[in-house]
Amino acid sequence: MIAQSFIKELLDRADIYEVVNRRVPLQQKGASAWACCPFHNEKSPSFSVNRERGFYHCFGCGEHGNAISFLMKYENLPFVDAVEKLASEFSMQVRYEGGAPKPKSGKPRLSEIMQRAMEFYRDKFNSDKFSQDYLHDRGLKDETIERFGIGFSPDAWHNLDAVFSPDLKPLLLEAGLQRTGQSGNVYDFFRNRLMFPIRNIRGQVIAFSARTMIGEEPKYINTGDTPIFTKGSEVFGLYEARKSIQDKKRVIVVEGQMDVIQLSQAGFGEACAPLGTAIRAEHIERLLKMTDHVIFSFDGDAAGRKAAKRAMDLSLPLLDDAQKVSFVFLPEGEDPDSLVKKSGAPAFEEMLKKALPLSSYLIEALSQGLDLAVLEDRNAFIEEASPLVRKTKSPLLRDGLIERLSTAVGYKNSDELRKYFGFPVLPPAAPQRPSGFGNQRYSFGRGYDRYKTPRIPTSTGRSIPPKADAPLMALLRNFLRFPQLALEFEGMLAEQLSESNSPVSELLFKVIERVTHEDESGHTLAQFLADLPGPADENFEKEMDSARSMISTFLLEEGIDSVIRKGLSQGQILQTPLEAARLECRRILLQMELNRVEVQRRALSTKGNLDDADRKVFRDLMQLDQDLQKEIKSIDAGINDILLRKREK
C-alpha cells in the first residue's frame, strides 16, 4: 500500500498547473488558469485550475479534485497507477507503507524492453517504403500511423541483436520478442511484418500484434502470454480510445486492428478490439468499468451472428441497471474498415444510432427459425431464454426481458414467465407521477446486492446512472421534503457518516443545523415542525410546503445551489409519503451499517487461525448481519405496502 505521507509529499511537489496544462491547454487569468472542461462539452471556459491551492474545479459540471484525481479521471487510471504516473512525471520514487520504496531491479523492466523494441520498429518503418506504401494504400494517414505507433520488423532473424546487449537476451525471450529454435539458436519472433504495439491503460507497450503484407498465413501473429501481458484479457486500442470513450460515453467493439485504426481516423476514436480471440467476459468487464454503453459491431454473416450471441450471453451477468449493450450488424462482405472508406463516417454513425438493444437482439436471436404461434416452438423459445434471464445481473434489465418475452409469446402479463423463471410476481405498479416524468416504482428488497435509490428519468427518458452518493442523495431528498426526518435520524446519521468526506454528507448535517438554528426571535424550524398536524390532516401538505420553502431558502442563501435544487426536484417528482420516506431513510442507514458489518466479517474470514475471541466476534457479526437483513426486508415490505395503499386511494 502506498504510504499516505508520500501521497501528501507528491501533491505538495506536483504542480497541478503543469499536470493539467500538459493535457489541456490553460490560459492564466488572475489567480487561476482556465480552459474548456475536458470532462463535458462546452463552448466557454468554466474549468478552473488554482496552482496555489493545488486543485481544479469546473463550474459547469462540478468536477473537482487534485492532481491525482485529475489523472484518474482524464486518463481513466486506477488510483495506484495515477500515483505512480504522477510520481514519475515529477521524478519521485513511490514510497510504500513501512517507509521503504518499492524494490527496483537493476535490469530494465519488460515494459522498457518493449518500448525500446517499438522505437526500433518505428525507425525501420520510417525507412521502409514498401510498408509505408502499404498503409497509405489502405487509406491511413501519417498522423494515424504515428498515433498508433505502427512499425515494421525487417525480414531477418537477428534484428534485435543490434539493439539489445547480449546480457538482455533472457528478457527478450521473456518478453516474447525472441524464441529458441530446436537447435538451441535464438531468433527474432517477428519478421517481415507490420508491428502494432499493444499498450496497457497506462500507455506502456506490453506486447505486439504483427500483420503480414504478403498474404501469408496466419494474417496476424501476437505476443504470447508474458509476465506483463495476458492475451485473453487485453483490448487493442483501449489506451488510444480512453479519452474518446469518456467524451462520447460509449465504446465500439470491432473485430480487427485495422478496423480500430480506420475508425479512429474517421472520427470514431472510441473503437477497440479484442486481441486475436473471441470476445471474453474479461474484455466486457474492463469496458464496462470505463463506460455504461458498449456497442458491438459484427459482420452480418453467420459467424458475426454467432459472435454477437456469445457477446450477449457474456454481457448479461455483468450489466448493472444503468448500463447497456447494443449490436450493429454490417452488410455481408463489409467490415468497419471497408464500410467507412466506401460510405463515409456519417453512414457508420447512422448504423450506430440504429443499433439493436440487447433486449431486442435477444428476442431476434432466440426466435430465429421458430414460429411463436406454434406451441412447440414457443416452448423451445422460452426454454432457451430461461438460462439467459436467470443469469441477468440487472434487476431492471431482467424485468424488462421478462416483459418482452411475455409479449413475444402472446401472454397477457409477465406473471406466468416470472414464476417459470423462478422470480416473484411483481406488485401492481405505483401511482402515476406528474406528466412528463413517466411511472416510477420503488424496487426495494428484490435481491439487490446494495441499496438502489429510485432513478429519475431525464427529459429524453434515459435514466441517470447511479453514483456513489446515491443513497446520501436519497437521504437529502427526504430531509428536504420532510425536514423533521433530519432531527429524527440525527443520531444514526452521526454514527454512520462521522468519517465521511462526501459533500452530500456535509449538506445532510447542514440541514440539521438549519432546522435547529434560532432566528432573532429565538424561534427554530424544529419548533414549527413540532406543531404541524398529522399527515392525515388536510392542512398538512400546505404547512409542509412552508417548512420546505424555509429550509431551501436558508440553504440556497448560503450558496448551496445545484445539489439542493436537485434534491428538491427529486422530492417533487417522487412525491414520497412521509411514512415511506421515514422507512426509506432508516433503510439507507441500516444498509450502511450492514455494509460495515460485512466488511468486518470478511476481514475476519480471511484472517485465518482465529482465536476464541475472534470466533466470538465473528459469531456476533453473523448474528448482527442476519438481524439487519431481516429488518431491511421488513422495511422493504412496509414501503411497498404504503405505496400500494396510496395507489388504491
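Colleague: Which residues have the most contacts inside the largest nonpolar core?

Modeller: This is a predicted model. Its largest nonpolar core has 79 residues. Within that core, the residues with the most contacts are Phe296 and Phe327.

Colleague: Which helix gives the most to this core?

Modeller: The helix in question spans residues 358–366. Six of its residues belong to the core. It is helix α15.

Colleague: How many residues does the second, separate core have?

Modeller: Ile150, Met258, Leu275 and Leu352 are included in this second core. Its number of residues is 34.

Colleague: Are helices α16 and α17 roughly parallel or antiparallel to each other?

Modeller: Helix α16 covers residues 375–391 and helix α17 covers residues 395–408. Their axes lie 11 Å apart, at an angle of about 175 degrees. Angles over 145 degrees count as roughly antiparallel. The two helices are therefore roughly antiparallel.

Colleague: How many charged residues are in the contact of α16 with α17?

Modeller: From α16, Phe381, Ala385 and Val389 take part, and they meet Arg398, Ile402, Leu405 and Ala408 of α17. Six of the contact residues are nonpolar and none is polar. The number of charged residues is one.

Colleague: How far apart are the end C-alpha atoms of residues 37–61?

Modeller: An unreviewed UniProt entry annotates residues 37–61 as "zinc finger region: CHC2-type". The chain there is 0% helix and 32% strand. The distance between its end C-alpha atoms is 8 Å.

Definitions and conventions: Residues are numbered from 1 along each chain as its sequence is written. This is a predicted model: local features need pLDDT of at least 70, side-chain atom pairs count only at pLDDT 80 or more; totals for chains, interfaces and linings use all residues. Side-chain values use heavy atoms; hydrogens and water are left out. A nonpolar core is a set of buried Ala, Val, Leu, Ile, Met, Phe, Trp, Tyr and Cys residues joined through side-chain atoms within 4.5 Å. Buried means under 20% relative accessible area, exposed over 50%, partly exposed in between (1.4 Å probe, protein chains only). Helices (H or I, at least four residues) and strands (E, at least two) are DSSP runs, numbered from the N terminus. UniProt positions are given in the numbering used here, feature names are shortened, and annotations may be inferred rather than shown by experiment. Axes are lines fitted to C-alpha atoms, for helices over the stretch in contact, and angles run from 0 to 180 degrees between N-to-C directions. Angles under 35 degrees count as roughly parallel, over 145 as roughly antiparallel, 65 to 115 as roughly perpendicular and the rest as oblique. Contact means heavy atoms within 4.5 Å. Ala, Val, Leu, Ile, Met, Phe, Trp, Tyr, Cys and Pro count as nonpolar, Asp, Glu, Lys and Arg as charged, and the others, Gly among them, as polar.
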